[in-house]
Structure formats: C-alpha cells, structure tokens
Amino acid sequence: MELTVIESTKNELKVQFSEKDEGFMNLIKTALWEQSETEMAGFKMDHPTVSLPVFTLKVKDGKDAKKVWNASLDSISEQLDSLGKEVKKLK
C-alpha cells in the first residue's frame with residue numbers, strides 16, 4: 001500500500017491511499033480519534049470504482065498533525081503485535 005501526501009500543514013494532513021480498504025481506513029480513524037489532539041479525522045472516496053480514498057486529519061491549534069498521525073499508527077502497530085502474540089498462544 002502506497003501513501004501520497006496531498007497536503008501537509010502543521011495542523012492538517014491529507015493523505016491518499018493506493019488501495020480502497022475501508023476497514024483499514026476505519027481502523028486508522030478510530031486510532032486518531034483516541035488521540036486528544038484530534039479535531040477531525042475521516043476519509044472519503046469521490047466514487048468507489050474510479051477514485052482512491054483521501055484521509056484528512058485536523059488537529060487542535062498548536063499541535064502537529066504528523067506527530068498525531070504517527071502516534072496513532074504506532075498505537076495500531078502495538079495493538080496488532082499484541083494480538084499476534086495472543087493468536088500464537090492459541091496454537
């Protein structure tokens with residue numbers, strides 16, 4: 001999966017994803033909303049068959065959108081690692 005930064009300012013980040021995985025987008029959205037600095041987080045696709053999803057993150061004044069984005073992705077990664085360890089115990 002490739003990401004393209006469409007817009008990047010201190011308080012806002014817009015990222016286009018190369019794949020149309022709404023489940024994955026919702027996972028990221030949930031992780032972003034868990035961050036207290038998040039003011040708005042969501043994604044849209046203009047048309048499901050011809051456009052790619054664009055994710056928009058806006059953070060509160062004085063906060064850094066890229067730092068909030070990265071913290072959220074780190075959180076997802078840690079949760080997936082933990083889940084993987086628990087799944088291995090089931091074998």
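Residues are numbered from 1 along each chain as its sequence is written, and side-chain values use heavy atoms, with hydrogens and water left out. Because the model is predicted, local features need pLDDT of at least 70 and side-chain atom pairs count only at pLDDT 80 or more, while totals for chains, interfaces and linings use all residues.

User: Which pattern does the protein chain follow when read along the sequence?
Analyst: Helices (H or I, at least four residues) and strands (E, at least two) are DSSP runs, numbered from the N terminus. On that basis the protein chain has 2 helices and 4 strands, and its C-alpha atoms fill a box of roughly 45 × 35 × 15 Å along the principal axes. Read along the sequence, the pattern is β-β-α-β-β-α.

User: What percentage of the contacts with a separation of 6 or more comes from residues 24 or more positions apart?
Analyst: Contact here means heavy atoms within 4.5 Å. Among the contacts in the protein chain with a separation of 6 or more, the share that falls to residues 24 or more positions apart is 52%.

User: Is T56 buried or exposed?
Analyst: T56 is found in strand 4, where, not counting residues up to four places away in sequence, T56 touches E12, L13, K14, M40, A41 and G42. Buried means under 20% relative accessible area, exposed over 50%, and partly exposed in between, with a 1.4 Å probe and protein chains only. Since the relative accessible area of T56 is 13%, this residue is buried.

User: Which residues does E12 contact, leaving aside its neighbours within four places in sequence?
Analyst: E12 is found in strand 2, residues 12-17, and with a relative accessible area of 15% E12 is buried. Leaving aside the neighbours within four places in sequence, the contacts of E12 are E7, T56, L57, K58 and A65.

User: How many Å apart in space are S51 and E86, C-alpha to C-alpha?
Analyst: S51 lies in the loop between strand 3 (38-44) and strand 4 (54-59), and at 14% relative accessibility S51 counts as buried. Beyond the neighbours within four places in sequence, S51 is in contact with K20, M45 and D46. From S51 to E86 the separation is 35 residues in sequence, and the C-alpha to C-alpha distance is 37 Å.

User: Which residue forms a salt bridge with D64?
Analyst: Side chains of opposite charge can pair when their charged atoms come close. A salt bridge is a side-chain nitrogen of Lys or Arg within 4 Å of a carboxyl oxygen of Asp or Glu, and a search of the whole structure finds 4 of them. In one of these, the closest N and O atoms are 3.9 Å apart, and the partner of D64 is K10.

User: How many residues apart are D64 and K10?
Analyst: At 24% relative accessibility D64 counts as partly exposed, and K10, with a relative accessible area of 47%, is partly exposed as well. The pair links distant parts of the chain, with D64 in the loop between strand 4 and helix 2 and K10 in the loop between strand 1 (3-8) and strand 2, and their separation in residues is 54.

User: What separates K89 and E86 along helix 2?
Analyst: The side chains of K89 and E86 meet in a salt bridge, at 3.1 Å from N to O. K89 counts as exposed at 61% relative accessibility, whereas E86 is partly exposed, with a relative accessible area of 43%. Because the two are 3 residues apart in helix 2, their separation is about one helical turn.

User: Which element gives the most to the nonpolar patch?
Analyst: Patches are made of residues with over 30% relative accessible area and no salt bridge, with like charges joined within 9 Å and nonpolar side chains (Val, Leu, Ile, Met, Phe, Trp, Tyr) within 5 Å. L27, L80, L83, V87 and L90 make a nonpolar surface patch of about 480 Å², and one of them, L27, has its place in helix 1 and counts as partly exposed at 34% relative accessibility. The element that gives the most to this patch, with 3 residues, is helix 2 (residues 65-89).

User: Which residues form the negative surface patch?
Analyst: Lys and Arg count as positive and Asp and Glu as negative, while His and the chain ends are not counted. E22, a member of this patch, lies in helix 1 (residues 22-33) and counts as partly exposed at 46% relative accessibility. The negative patch is formed by E2, E19, D21 and E22.

Methods
Areas by Shrake-Rupley, 256 points an atom, 1.4 Å probe, with all protein chains shown as cover. Charge placed at Lys NZ, Arg CZ, Asp CG, Glu CD.
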